[in-house]
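Subject: Handing over the structure, with notes

Dear colleague,

I am passing on to you the structure shown just below, together with some notes on it. Please read the notes with the sequence and the model side by side.

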Amino acid sequence: MWRPPPRGRHTASPMAAHPRAHRSSLNAQRRRAGILFSLPVLVLVGALLLYPIGQTVYYSFTQWDGLTATWVGTSTYSRLLHSPDFQQVLKNNALLLLAVPVAIGFPLAIAFLLSSHLPGWRFFRTVFFLPTAVSWVVIGAIAARFFADEGILQRLLTSVGLGSVHPDMLSHPHSALAAVAITFIWGMFGTNLIIFLAGMSTIDVSLYEAARVDGAGPLRVLVSITLPLLRRFVQFAFIITLISAFTAIFSLIYIMTGGGPGFATTTLEFYGYQQGFATGDFGAAATAGVMLFVAVAVVSVVQVRLFRGADE
Amino acid sequence: MTTRRLSRPLLYVVLAGITVVMLYPFYYMITTSLHSSDQYQLGSGSYSLASWRNLFDVLPVWRQLLNSTIVSLGGIAIILLVSTTGGYAFAILRYRAATVAFLVVVGAMMVPLQSIIAPEFINIVNYWRINHLDSAIIVYAALGAPFSTFLMTTYLRRIPMDVMEAAMIDGLGWGRAYLRVILPLARPAMATIAVLQFIQIWDDLLVGLLFLQDPNVRPITVGLATIPGQHGLDVPLLMAGSLVSALPAVLVYLVFQRYLITGLTMGMGK
């Protein structure tokens, strides 16, 4: 859909004919071209992301079945906030936050081990990163088999003589959420590992050597050299992980638990979908959508501030 | 180097352990799919291709693989178009309001699909249509556009102004400079965006679930997600489906690993 920039009214012919055209007309053409070239992305993003988020905010103050909307003010907000189910949903999101440090710390430690480029490190990197290419749907389908009553976990326990322990994790509220969190940590491992490996490759090797000459052990090197220099990368991994926990595991929950038992594994993103497309309460879906958006926006803005702070 | 003091064998034991944890699901998918439903339930050791035959009966597998391919490539094409034109405008042309426009696009990165899914769906139903691949394509294009444009803008900022001035002196004009100068220079970033978005779109569920409800227009990931609801819990069947749906994205990852890795970190920019 490429179109040439429009010809200026006052320039008789386009640039091509007058390579030494006046600077002002060159600038005018540049501005027009700039505006034209901005349009595709602005139209696309405006129509399909920004306009709908405006609608979401508006509809969150209405009772909306998808066809007709009546203004109800903040009553949907107070209805949700007072509903035990919805409080459970918010609690689930908060509990999922607990998985974030693990989802970062674990790959950070492994990246540190791999960063010494021991023989075979490329193979390990490829294998460890593999889950990143696999959809949450597939991951969820397998994880459901892993945690199921007679699933892989149970077989593992039985084979080490712990058959009497019968976790049946997906049937109990707390353990079901834990199962989702563990699966999430597994799924994020590769992504965060790559971020940290990229970060560690920017660190000057001579720093390590100097530290070793000074008699620093591996742990000391990790704490005093690697971690401070990785700060930007840790923050980046943090925001990716947190936003994924809130907005990317819809399909994982859909396949693995369906949000249950009860609301035990329903998060804000899943709740919004359920309210809209299972119950037909699009108003509640919009309200949950606004809360999710605010949560993501707050995290992003705080993150940008932290980044700035680190650079100065 | 830094790990000299840790014993090497211990290190390899740890890495091998993680390798098992990361690869076991693939092993499980393959071996389980090679049982029939009965064999699986009885825990019998014999193998059969029954679940694979069954998969092709319950899902239009080829059709859905084709749908996934069309949707992914269509989405990528639009994303590449808008991210290169946008990146060109924001990084090179830099007209007066370019910074504001760039911030608007980047700000849209904060809009999660799940927040807007209800109005988005109603809008598409009212002003466009569902159950056609193009509805999913434009939604995916919009979702991928902000990050891709951000990445492309960051990338194109590195192009020295001399290059553009030379193009102007050659009498190219801003429009043709996009085609002859910017697009060739942007190729590495375009490759990264294409790989990132392919995996993103191929692996997605929600958009396909809502906008493509007819089995014949469903992408494979959505088809897979609908198996349990329609055919009960047939684990070998589900694993065969999982394998088929995961394989293309995994292959793309293995072949284009390099681009994916730069893409993840390129987002951090400078």
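**Burial and overall form of chain A**

In chain A, which has 312 residues, 43% are buried, where a residue counts as buried if 20 or more other C-beta atoms lie within 10 Å of its own, as exposed if 12 or fewer do, and as partly exposed in between, with C-beta atoms placed from the backbone. Please keep in mind that this is a predicted model, in which local features need pLDDT of at least 70 and side-chain atom pairs count only at pLDDT 80 or more, while totals for chains, interfaces and linings use all residues. Residues are numbered from 1 along each chain as its sequence is written, and chains are lettered from A and ligands numbered from 1 in the order in which they are written.

The secondary structure of chain A consists of 14 helices and two strands; helices (H or I, at least four residues) and strands (E, at least two) are DSSP runs, numbered from the N terminus. The radius of gyration of chain A is 26 Å, whereas a compact globule of 312 residues would have a value near 20 Å; this radius is taken over C-alpha atoms, and the globule rule is 2.2 Å times the number of residues to the power 0.38. Along its principal axes, the C-alpha trace of chain A spans about 90 × 70 × 35 Å.

Chain A is divided into domain 1 (15–59) and domain 2 (98–266), with bounds that come from an automatic or database domain assignment. The centres of these two domains of chain A, taken over C-alpha atoms, are separated by 41 Å. Of the contacts in chain A between residues at least 6 apart in sequence, 68% join residues at least 24 apart, a contact being a pair of residues whose C-beta atoms, placed from the backbone, lie within 7 Å.

One helix of chain A that is mostly covered is α13 (residues 268–278), in which nine of the eleven residues are buried. Among these buried residues of α13(A) are Leu268(A), Phe270(A), Tyr271(A) and Tyr273(A), and also Glu269(A). After α13(A) comes Gly280(A), with a positive phi near 80°.

**Chain B**

Chain B has 13 helices and zero strands. Its radius of gyration is 23 Å, well over the 18 Å that the globule rule gives for 270 residues, so chain B is more spread out than a compact globule. The C-alpha atoms of chain B fill a box of roughly 75 × 65 × 35 Å along the principal axes. Buried residues account for 49% of the 270 residues in chain B, and 77% of the contacts in chain B between residues at least 6 apart in sequence join residues at least 24 apart.

Within chain B, helix α5 (residues 98–107) packs with helix α7 (residues 133–156) at an angle of about 135°, with their axes 8 Å apart; axes are lines fitted to C-alpha atoms, for helices over the stretch in contact, and angles run from 0 to 180 degrees between N-to-C directions. That angle makes α5(B) oblique to α7(B), because angles under 35 degrees count as roughly parallel, over 145 as roughly antiparallel, 65 to 115 as roughly perpendicular and the rest as oblique. On the α5(B) side the contact is made by Phe102(B), Val105(B) and Val106(B), and on the α7(B) side by Pro146(B), Thr149(B), Phe150(B) and Thr153(B). These residues divide into five nonpolar, two polar and no charged, where Ala, Val, Leu, Ile, Met, Phe, Trp, Tyr, Cys and Pro count as nonpolar, Asp, Glu, Lys and Arg as charged, and the others, Gly among them, as polar.

Arg94(B) sits in the loop between α4 (61–93) and α5 of chain B and is partly exposed, with 15 other C-beta atoms within 10 Å. Asn131(B) sits in the loop between α6 (113–127) and α7 of chain B and, with 13 C-beta neighbours inside 10 Å, also counts as partly exposed.

**Where the chains meet**

The contact between the chains takes 77 residues from chain B and 77 residues from chain A. On the side of chain B that touches chain A, the largest share, twelve residues, comes from helix α13 (residues 235–266) of chain B. By class, that side of chain B has 54 nonpolar, 18 polar and five charged residues.

With best wishes

Definitions and conventions:
Contact = placed C-beta atoms within 7 Å.
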